[in-house]
Structure formats: C-alpha cells, structure tokens
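Me: Walk me through this structure, please. Start with whatever terms I need.

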Amino acid sequence: MRGLVAGAILLVAVVLAVFFSVRYGAVHLSTHDVLQSLLGEGGATESFIVLEHRLPRALLGVLVGGGLALAGAVFQALLRNPLAEPYILGISGGAAAGAVLALALGLTSAVSWLLPGAAFAGALLAIALVFGVAISADRRLDVRVLLLSGVVVGAFFSACIALILALAEAEMVRSAVLWMMGSLAGATWRSVGVVAAYTLPACLLLLALARALNLMSIGEETASYLGTEVETVKRLAYGVASMVAAAGVAFAGVIGFVGLVIPHGVRLVMGSDHRILLPLSFLAGGAFLTLADLLARVLLSPAEIPIGVVTAFVGVPFFLVLLRRSLRA
Amino acid sequence: MNPLRDFLSPGLPLGLVAILLLVGCQDPDPSAGQDDREMTPPEAHTPPDRQDPTTTPEEEGWPRTLQDQAGRTLELTHPPTRIVSLVPAATAILLELGATDRLVGRTDYDDAPTLEDVPSVGGGLNPSIERLVVLEPELVVRFEGQQDRATPRALDRAGITHLAVRPDGIDDIREMALLLGRALGRMERARELLTRMDQELEEVRDRVAHAPRPRVAFLLGGDPPWVVGPGTFLHELLEIAGGENALAELEAPLYAPVSVEEILRQEVDLILALEGAQIPSALRRLPLVQLPEGVQSPGVDIGRSAREISRKLHPEEWR
C-alpha cells in the first residue's frame, strides 16, 4: 500500500519534471503556448521547440535517469554493496568507450540501433575487468577492493576515450565532453525510441527478478536453499542491468551518481524490498535526471553545463557520507 | 569571451577557441591540402571549379538554386528578409552587402556596434537551437564541419533553410562572399567587395615582391602550439605578405597542434602569433612578431590582414 502511494507520488513527480522541462528553456514561452503546442494547436515555432526539442529531451532524461537508477539498485543488490553503481564500477566508462570506438570507426552513425550494442560490449568488458581485478586481489569482493578496481578500470576507459578521440579527428575533441560528463542535448525522437526499445523491456525483466534479488541480498546460500537459481539470476541481472546502463550511455554519455543517490534515497524512505525499490528507483531516477537537465540548461542559458556536473554536485557529498558509514561498519 | 565556452572545449587554448569559431573548421579535408592556390590579379582570376556563381546572369530571377559549400543544393523563393548568421566572417560580409536590417540573429562573437541590438543565439558552433528557431529565420548561415553535426539536423527538422559555408582558403572566402551575394540578390556588391579585396591583396604582394622572405611559424596559441597549415587563408596571407610558412610541409592541411621540437627543427626565422597567444617557453628565444586581434577573421577584410602581417614582417618596405 505504502509502495503504491509512493509510486503514485513519484509518477506525478515524473510528469511534473517532464512538464517543467518542457515549460522552461533558453527561450521564454508562456504556459499557454506550451499547452497549445502539446495539444498540437500551437504555432509552428513554439510547436517545434516544445515537441521536437524539449519533449524528446525530457523523455530521454526520464529513460536514462530511470535506467541508471534501476541498474544501480540491481548492482547494489547483487554485490550486497551500497556503493555499487554503473559509474563507480567503471561500467558506464566501458560503455562510453565502446560507443566512441564504434563512432570513430564509422561502424555506426550517431543515431543507430547498433550504438547501444557497441556500448553494451564495452560495458561487459568493463564488468569482466573490474571483477577480474577485484577477485584476483580478494575473493570476497571487499568493498574497498571493488571500488578501487572500479576506479582503475574507469580511468583506463577514460584514457581509451581520450586516445580514440585524439586519433580520430581533431574536431571530435568537443564531443569528448559529452562522453565524459554526459549530455542530453542530442535528444531526438529517434534516439528516444532507440533507448526506450532497449531500456523498457530490460527494466521489466529486472522487475521480474525482484523477488530473487530480495533473497540474494540476504545471502546467496540462503537464496539457493529457497529455490533460487542463483547463478542464472546473477548472470541475467548483471547482463540486463549493464544493457540498461549501456543504452543510456550510448545516447547521453557518462552520467555519474544517479545510480547511487537515487536507490539509496528510495531505500531510506521505503526500505529495501526490491519489488518496491526497483520500480520506485526507476521513477525517482527519471524525475531526478530530467530536473538535473533542466538546471543544466537554464542556469547559464543559452550555454549549457554538462549534466554530469549537476549530478556530481548532488552525488559526491552523498557518496562521501555513504563511504564513511560503510567503512565504519 | 565566454569562460564557460572555454570550459566546454577542454584542451583548446582560449585564443584558439575563438579562432576555430571564427574560422569554423579544422577537419582534414584532402582537397584543402593543396599549397598552390596562388592569388591571381582580379582580371585574370579563375573562379573555383567546385562551383561558379560568377557566371550566373545578373538578371537571374527568383526562385534561384544555390549550391552551398557543403555541396548541398538549396532553393530560395525570394531574397530572405530574416537571416541568422552563425559565422562571424559571413556576418561581416552580410553587413558589407547592406543586409544589416535583414540580420535577426548573430553569435556571441559578433561585436560590430551595429549588431548590438540583434539577439545572439550563443556560439556559432552548437548554438541554442531554441533561441535560433524562435527568431523564425528564413535563412541560417552556418559552418560546415564535423564539430557541430547537431545544428544542421535540428534546422532540417525545423524546416529552416540553411546555407553552409566553409571559409578555409581565400578561394573559399571568395566563394562564400559570392554565395551570400547571390542569396541576397546582391551579386554586384559582392563582386565589388571581391574586387576591392583582390586589389588590396595585390597591393601587398607587389609591395614586398622583392624583399627577402623569412621562414615563419604562425602560431595560434596552446602548448603544444596549434599552427597554420597550407590549406588555410592565413597561410595564403602569410605568403602574400612576404613570408614563407615554415610549417607548410607538415601533414596538417588546416589547423593542428605541432610539437615544439618539430617547429625548432624547421629552421624558423621568426614566430608570428596573435596578441595574447601563449608561446611555449622553448620557442621564446626566437624573434616574436605579434598580430592584433581581428587578423584571424576569414572575411573580406583579409586585404587589411595581409597588410598588417606584411607591415610586421617587412617594416622597411612599408616606410
């Protein structure tokens, strides 16, 4: 019941976030203009700004933010580690390197169904590297070791991106910012469609794994006694959560801390039942990233702050508090 | 200069960002790598072979079809009355063509006093699409280059006609001026501008024809410094002004960073740099000649720029 109420509140929050995102921007439009445009009765210019420029961007924010938060919640459950999330584990970095490589080799145009695939390959490579490093150091996957290997792998992929951009073409230097700090500026209906096609089914699949994740967060042994196919669930959840993160990274670049802050915020209020935590994380993440993008666009308009700057300003203090607590425990 | 824009372009020195925004493009274009674009006197000028707007009959009516510098074809049904220029050099030409009242949008880099009241759409690359669209332009003049692939796409989606320009070399500047003249229906004035430009360049060339030619490294700032390559109008201006581009043999056709060691190896007589450009310490022992800002604008003022460069290189010839 509480979950439903919270879900309804967050759903309203998402709708409001999208509305504000469509309402405000570099150009002042009246609420009337915006509503008329949304109803398909606005002037050509207003309609273009609202329907072709702001709305796809807001929806991309919902999908990417929701996907990152959900993936973060899943990684935290799988690793039984509060600091796990795609960015800190280096998975976003791997996905970005995969996407940049595909673009630089001309394998795919900027908006293509293949781009998330290349990002996914990079994400899987990052996971393999992070866990390879962490396990070779300490089989129990200690928090500190895992974070350290995530940082190392993340730095490695940042270097790969810088190298690819240096080798490719001088003018791609500008877009390096996109890949390293993230931006929703490239949003079009097509990119929204591609991200939705990857993210939504993957999210449904992860929601279906919620019960198994509940059991596994108690302990893998307990979970297997209670009839969970632990290995299958683990592989599936890692793969699908990486896919979700990769799809977002492919079109919005590396955006940090959403996967960390949001699930923890939700957990603080609603407890850690994944059947509630996962859907609420998606909604909260979607609303959060859309609002963060609104700030990124409006604060220094018409210039834009990279969205990763906004999420980091919120996320880094939060991360430090969590790190302190978790290392004390 | 907007500090945020520099923040958004990490690794590029402040002055260079301005140049890239003014010059527009730096992507390697094999066709731009030729070193043999000698200026010819106006009467003997052979128009660029890509397109020849000069042969267009003067009484050409509307609608008219243009081929822009990206090779795109666009049709104008009437002379556009609402123009947004994202290219400062093109803006300057539009002003010269008497189109001040038709300009409804500019960039942060246009500082002509007549444009003070014209709203800005931000930078020339990746401008604010919202601000651009809301001006309801009939024609947008934009850079052709890979740094900004989003803007042409957005303009296409918005159904706004855009004319791509790419003022790399002097011939490209010439073509840009004629394209703008045709787009406005003011070919005669565009030709006059070019004639004046050619005369100014010729005057500079004649003045220093017999002077010894120093080997010059033309630096745009940064460390390693970005240099002027052989496919650029700045290279051509340097040669017209009586200098030899010491770095013309390097592979970069347009603008590119080059190691300090490479510059030292080229037996450079002197360093030419824009005022305020950062000079790596290893190059400070070479004689330095500074150029005032504005020289780097690829517009019809290049005659003045050539004279400015020539005066600095050959003060004795200009006495």
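Reply: Buried means under 20% relative accessible area, exposed over 50%, and partly exposed in between (1.4 Å probe, protein chains only). It's a predicted model, where local features need pLDDT of at least 70 and side-chain atom pairs 80 or more, while totals for chains, interfaces and linings use all residues. Residues count from 1 along each chain as written, chains are lettered from A and ligands numbered from 1 in written order, and side-chain values use heavy atoms, without hydrogens or water.

Me: How many helices and strands does chain B have?
Reply: Helices (H or I, at least four residues) and strands (E, at least two) are DSSP runs, numbered from the N terminus. Of the 319 residues in chain B, 59% are buried. Its secondary structure comes to 10 helices and 12 strands.

Me: What is the distance between the end C-alpha atoms of helix α7 of chain B?
Reply: Helix α7 of chain B covers residues 187–207, which is 21 residues. The expected span is 1.5 Å times one less than the residue count. That gives 30 Å, and the end C-alpha atoms agree, because they sit 30 Å apart.

Me: Which helices do the buried residues of α7(B) pack against?
Reply: The buried residues include Met187(B), Ala190(B), Leu194(B), Met197(B), Leu201(B) and Arg205(B). Asp198(B), Glu200(B) and Glu202(B) are also among them. By contact (heavy atoms within 4.5 Å), the buried residues pack against α3 (88–96), α6 (170–184), α8 (233–240) and α10 (302–313) of chain B.

Me: Over in chain A, is Leu291(A) buried or partly exposed?
Reply: Leu291(A) belongs to helix α13 of chain A. Its relative accessible area is 38%, so Leu291(A) counts as partly exposed.
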